[in-house]
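Here's a quick briefing to read with the model open beside you. Take the topics in any order you like.

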Amino acid sequence: MISETSQVPVEQLARKTGWEVKAQGACRGEQCVPLPAGALHDGAVDLPAFAQRMSMPLLHDADHGLWSLGPQGGGRAMTTVQAPDLVLPTLTGEPFALSALRGKKVLIAAWASW
Amino acid sequence: MDAGGAEAAAPFVPADVEFPVVVDGAHRLGELFGVANVPSGIWVDEQGVVVRPPETAYPARPAFAALDLDDAAVVASLPASAVDRLRTVQPFVQQMQIEPEAYVAALRDWVARGSDSPYALSAEEVLERSAPRPVEQAQAAAAYALGEHLHGLGERVASVRWFRESHRLQPDNWTYRRQAWSLVDPSQGPTQEYDGDWLSDVQRTGAADYYAPVDLDPRR
């Protein structure tokens with residue numbers, strides 16, 4: 001997730017990473033990680049504290065004022081079999097949610113022009 | 001998975017396509033599932049549960065792998081500019097482990113039989129078969145995302161720095177490398193910006209190891 005600030009509203013965090021902040025901590029699928037007190041301020045997560053707690057890398061490009069929060073490291077690429085609520089644009093730019101296909105079997109076919 | 005966006009992808013999508021086609025410029029499929037090469041397939045069931053993690057997913061054998069480039073009629077039918085490239089690339093592509101027939105048969109079995117299909121894996125197997133993600137690879141995903149974002153902003157020099165960092169952190173990720181190379185040179189040849197290029201890296205890796213074989217042994 002790319003951010004221009006180190007404080008990210010919890011809604012944005014959920015939309016961009018799938019991690020939802022709940023009473024018990026940051027949750028995705030069956031997984032919940034309790035958050036330290038310093039990781040939340042006024043409905044926003046503090047990226048450095050959040051990243052450290054979640055074992056996620058946080059890169060900072062000071063020249064461009066950008067933060068990049070990566071996925072959890074130290075395990076495997078997938079930590080839950082629940083498909084994330086991935087939303088990507090169609091060729092004409094409308095948002096399309098993977099969850100719109102619930103009720104059907106889905107083959108996600110990853111390809112590229114290059 | 002294309003930083004070139006809809007503009008790059010659209011020419012490859014038939015007008016009468018019957019399924020949703022979406023653009024993953026930031027390679028979210030890499031971040032979320034561990035996709036590191038294309039084509040890759042992920043199976044998701046009716047409840048939104050992943051039943052096979054990313055694996056090589058050729059729908060058919062690439063047509064150019066079977067072209068007889070010693071046949072004058074075949075060569076005459078191709079654009080002249082493509083023939084030399086095909087002669088160079090074809091032997092490597094022929095060595096790659098691509099088993100579309102078995103993969104498509106397994107996919108059809110799952111479509112017909114659902115969770116009774118032996119190819120629909122248990123949750124434990126799905127997670128176990130998904131790619132390992134050591135700390136460096138998580139960092140590579142964050143670096144790649146910065147590169148892609150900066151590229152989108154027109155900050156080409158800065159994007160190269162982060163793309164290079166993603167390559168350093170995860171040298172065996174083909175999507176990071178091929179994407180970055182192609183933004184400089186569509187044929188992914190040697191460039192000043194990057195240390196690798198497609199042909200040299202395939203030679204170094206060995207064409208037979210370009211794709212991991214798909215494990216279609218029924219587990220139950």
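Helix 1 (residues 10–17) of chain A lies across strand 2 and strand 7 of chain A, at about 80 degrees to strand 2 of chain A. This is a predicted model, where local features need pLDDT of at least 70 and side-chain atom pairs count only at pLDDT 80 or more, while totals for chains, interfaces and linings use all residues. Residues are numbered from 1 along each chain as its sequence is written, and chains are lettered from A and ligands numbered from 1 in the order in which they are written.

A few terms before the rest:

- Helices (H or I, at least four residues) and strands (E, at least two) are DSSP runs, numbered from the N terminus.
- Contact means that the C-beta atoms of two residues, placed from the backbone, lie within 7 Å.
- Axes are lines fitted to C-alpha atoms, for helices over the stretch in contact, and angles run from 0 to 180 degrees between N-to-C directions.

**More on the chain A sheet**

- Helix 2 (residues 47–54) of chain A also lies across strand 2 and strand 7 of chain A, running at about 70 degrees to strand 7 of chain A.
- The sheet is an open one of 3 strands in chain A, with the order 2-7-6 and antiparallel pairing (strands pair if DSSP finds at least two bridges between them).
- Strand 2 (7–9) and strand 6 (40–41) of chain A are the edge strands, each pairing on one side only.
- Strand 2 of chain A runs antiparallel to strand 7 (residues 44–46) of chain A, joined by 3 bridges.
- In that pairing, A:Pro9 sits opposite A:Ala44 of strand 7 of chain A.

**Where chain A meets chain B**

- Contacts link 43 residues of chain A with 62 residues of chain B.
- Strand 13 of chain A gives the most to the side of chain A that touches chain B, with 5 residues.
- That side of chain A has 25 nonpolar, 12 polar and 6 charged residues (Ala, Val, Leu, Ile, Met, Phe, Trp, Tyr, Cys and Pro count as nonpolar, Asp, Glu, Lys and Arg as charged, and the others, Gly among them, as polar).
- Strand 10 of chain A and strand 3 (residues 132–133) of chain B pair in the antiparallel sense over 2 bridges.
- A:Gly75 has B:Arg133 as its bridge partner in strand 3 of chain B.

**Chain B as a whole**

- Chain B has 10 helices and 3 strands.
- Along the sequence, the pattern of chain B is α-α-β-β-α-α-α-α-β-α-α-α-α.
- The C-alpha atoms of chain B fill a box of roughly 50 × 50 × 35 Å, taken along the principal axes.

**Helix packing in chain B**

- Helix 7 (residues 135–152) and helix 8 (residues 156–169) of chain B pack at an angle of about 160 degrees, with axes 8 Å apart.
- That makes helix 7 of chain B roughly antiparallel to helix 8 of chain B (under 35 degrees counts as roughly parallel, over 145 as roughly antiparallel, 65 to 115 as roughly perpendicular and the rest as oblique).
- Residues of this contact include B:Ala140 and B:Leu150 of helix 7 of chain B, and B:Trp162 and B:Phe163 of helix 8 of chain B.
- The contact of helix 7 with helix 8 of chain B divides into 9 nonpolar, 6 polar and 3 charged residues.
- Helix 8 and helix 9 (residues 174–184) of chain B have axes that come within 9 Å and cross at roughly 150 degrees.
- Helix 8 of chain B is therefore roughly antiparallel to helix 9 of chain B.
- B:Phe163, B:Ser166 and B:His167 in helix 8 of chain B meet B:Tyr176, B:Arg177 and B:Ala180 in helix 9 of chain B.
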